[in-house]
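Dear colleague,

Please read them alongside the coordinates.

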Amino acid sequence: MTLPETTSPAHALAGTAAAPRPSTDRVPASVPTSVGVLGGGRMGAGIAHAFLLAGARVHVVERDAAAAEAARERVETALARSAQKGIEIPDADTLTTGVDTAAFADAGLVIEAVPEDRALKVDALARIEGAVHDDAVVASNTSSISIDALAAALRRPQRFLGLHFFNPVPASALVEVVTGSRSEPQVVGAATDWVEAIGKTAVVVRDAPGFASSRLGVALGLEAIRMLEEGVASAHDIDTAMELGYRHPMGPLRTTDIVGLDVRLGIAEELERAFGARFTPPALLRELVAQGHLGRKTGRGFYEWSER
């Protein structure tokens, strides 16, 4: 089995030949030379930004030319912010966008970042697998859908796993590496190295509904919404209680606004199917989503947002 070429010839991932080194040396992690991202919304653009800063060439594929151009603008805006912080940014030609998955042909890693809908993700992954070479690693950015369920439709499930990034990607420090029952250990090891190479911390989680972070985070968020619905306290005071009382960096309602109320609703519905009534979405969450109040991205959720 061969794993993808990386940007650092000296770096050898599991299963590849390595130059002899003293056993005390730690070989620096690096990313694949070419990385693909299917879906250029907030999450996909953030993932592309992370791999560009780590030295990869990145190609983002979207549904049409207008969406592809919007994806480019999102990534370029994120790169400009990085430059303002003194971070060295890559040459412009390392980012390409388009509508054809054939551009993934030379990618060592392709990540789908389409909305949290099982049918959409199954279709996206099939399109990716039809475009990449046999040794490429394919990953889903799903936050709750079973990796084994998604892998069932793939020809090479051993080359597939979950890479669950957090929103906003540039500011987040964590990526969940979610292993399916058929994910090869070498692939899991390579993915963990890639997470390190983009400056984030990996936690390896066995495939289970909601994995670790979504299951715990949504449980807390849903209870906070129920408390708001019952008039226990204001959104600000509920969040402040968790921030100051439990040292959470951000309260559960503000976090839900940043993640997106629609995203949280979708995850809750997925978990409700798996675990029953304890994950039933509160009526308030459904009402706000139906009204189009999805959080920061729409300017209103549990809070008013002037910046999106």
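**Cavity and helix packing**

A search of the whole structure finds 1 cavity of 30 Å³ or more, a cavity being a set of points on a 1 Å grid over the protein atoms alone where a 1.4 Å probe fits but cannot get out. The model is predicted, with local features needing pLDDT of at least 70 and side-chain atom pairs counting only at pLDDT 80 or more, while totals for chains, interfaces and linings use all residues. Residues are numbered from 1 along each chain as its sequence is written, and side-chain values use heavy atoms, without hydrogens and water.

The largest cavity holds about 40 Å³ of space, the volume being that filled by probe spheres set on the points, which are joined across faces, edges and corners. Its lining (residues with an atom within 4 Å of a point) consists of E129, A136, V138, L154, R156, R159 and F160.

Helix α6 (residues 213-229) and helix α7 (residues 235-245) pack at an angle of about 140°, their axes 10 Å apart; axes are lines fitted to C-alpha atoms over the stretch in contact, with angles from 0 to 180 degrees between N-to-C directions, and helices are DSSP runs (H or I, at least four residues) numbered from the N terminus. In contact (heavy atoms within 4.5 Å) are L220, A224, M227 and L228 of α6 with A235, I238 and M242 of α7.

Best regards

Key: On a 1 Å grid over the protein atoms alone, a cavity is a set of points where a 1.4 Å probe fits but cannot get out, and a pocket is an open set with protein on both sides within 12 Å along at least five of seven lines; lining residues have an atom within 4 Å of a point. Helices (H or I, at least four residues) and strands (E, at least two) are DSSP runs, numbered from the N terminus.
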